[in-house]
Amino acid sequence: MKEALRIDKNNLRLNEKYIYEFDDVFIDKLPNKLPSPDAPHHRIILEDEKMSINGRMFHLPTRYWPQMRDFLDEHLVAGRIRRSSSHIASGTWVIPKDDPIDMPRVVHDYHALNAKTVKDHTPLTRQDDIIEKLAKGKIHGKIDLICAYYQILMEIADIHKTAFKTPFGTYEWLVMPQGLCNAVATFQRYMNWILCKYVGRFCAVYIDDMAIWSESKNTKSMLD
């Protein structure tokens, strides 16, 4: 995309300008490395820390085995998952996408785990508040984070609780997977912490979506 934008850098739309200028930030795929250990971690606090969960081993049609293998290999190489022998393990299945060539969505059945998890009541930003703030700006933008949850590390003591079953063995997440009942609260709190100086001034955060507004193209005016 950057090569295409080089054709006429002086005639770029505002969003293209920033994508070109900050191409190290606007990427389509996470790097093959874990997030910074200094960032907040996700906790899974159970009502009974000695409990055991033996989740259902769902049938995975063999036509999806290559995609599941690709999924596992990608995250193993990046260090986001590892093999597990946990006494808490959940089942896994896939949801096909419209294009059969696309990687199906991998889903973990964390229902039993979530039912025994102490709930985190961090609130989401009210959508009507976001719309009200956006309406006051003359320039609007939106950023959608790539693979947002995978950018949060699991608390070391809770990694084994994320274990999931596949036809190729049991694995566990070192980053926060989708499907955990408190994942939304953890990520909302994380983004509020990262952007605490700017939320309400020129941006609002709703989980992994950021809305941005400004009175002008002058970015300095947004920080005043």
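This is a predicted model: local features need pLDDT of at least 70, side-chain atom pairs count only at pLDDT 80 or more; totals for chains, interfaces and linings use all residues.
Contact here means heavy atoms within 4.5 Å, and helices (H or I, at least four residues) and strands (E, at least two) are DSSP runs numbered from the N terminus. Residues are numbered from 1 along each chain as its sequence is written, and side-chain values use heavy atoms, with hydrogens and water left out.

**Helix α6**

- Helix α6 spans residues 183-194, and its 12 residues reach 16 Å from first C-alpha to last, close to the 16 Å expected at 1.5 Å a residue (the expected span is 1.5 Å times one less than the number of residues).
- Its buried residues are Ala183, Ala185, Thr186, Phe187, Gln188, Tyr190 and Met191; buried means under 20% relative accessible area, exposed over 50%, and partly exposed in between (1.4 Å probe, protein chains only).
- As background, an α-helix has 3.6 residues a turn, so residues three or four places apart point the same way.

**The β7-β12-β11 sheet**

- Three strands make an open, antiparallel sheet in the order β7-β12-β11, where two strands pair if DSSP finds at least two bridges between them.
- β7 (139-144) and β11 (203-206) are the edge strands with a single partner each, so one side of each has no neighbour in the sheet.
- Neighbouring strands here are turned by 15° against each other on average, direction ignored; axes are lines fitted to C-alpha atoms, for helices over the stretch in contact, and angles run from 0 to 180 degrees between N-to-C directions.
- β7 pairs with β12 (residues 209-214) in the antiparallel sense over 6 bridges, and Ile139 has Ser214 of β12 as its bridge partner.
- Helix α5 (residues 127-135) lies across β7, β11 and β12, at about 25° to β12.

**The β3-β10-β9 sheet**

- A second open sheet has 3 strands in the order β3-β10-β9, again with antiparallel pairing.
- At its edges stand β3 (81-83) and β9 (164-166), each with a single partner strand, so one side of each lacks a neighbour in the sheet.
- β9 and β10 (residues 169-173) pair in the antiparallel sense over 3 bridges, with Lys165 opposite Thr170 in β10.
- Helix α3 (residues 65-78) packs on this sheet, touching β3, β9 and β10, and its direction makes about 45° with that of β10.

**Salt bridges**

- The whole structure holds 9 salt bridges, each a side-chain nitrogen of Lys or Arg within 4 Å of a carboxyl oxygen of Asp or Glu.
- Arg43 and Asp158 meet at 2.5 Å, N to O.
- Arg43 lies in the loop between β1 and β2 (53-54) and Asp158 in the loop between β8 (153-154) and β9, so this pair ties together parts 115 residues apart in sequence.
- Arg43 is partly exposed at 39% relative accessibility, whereas Asp158 is buried at 1%.
- Glu74 and Arg80 also form a salt bridge, their closest N and O atoms being 3.9 Å apart; Glu74 is partly exposed at 33% relative accessibility and Arg80 is buried at 3%.
- Glu172 and Arg82 meet at 2.7 Å, N to O, linking strand β10 to strand β3 across 90 residues.
- Glu172 is buried at 6% relative accessibility, while Arg82 is partly exposed at 38%.
- Salt bridges with shared partners join Arg43, Glu49, Asp158 and Lys161 into one network.
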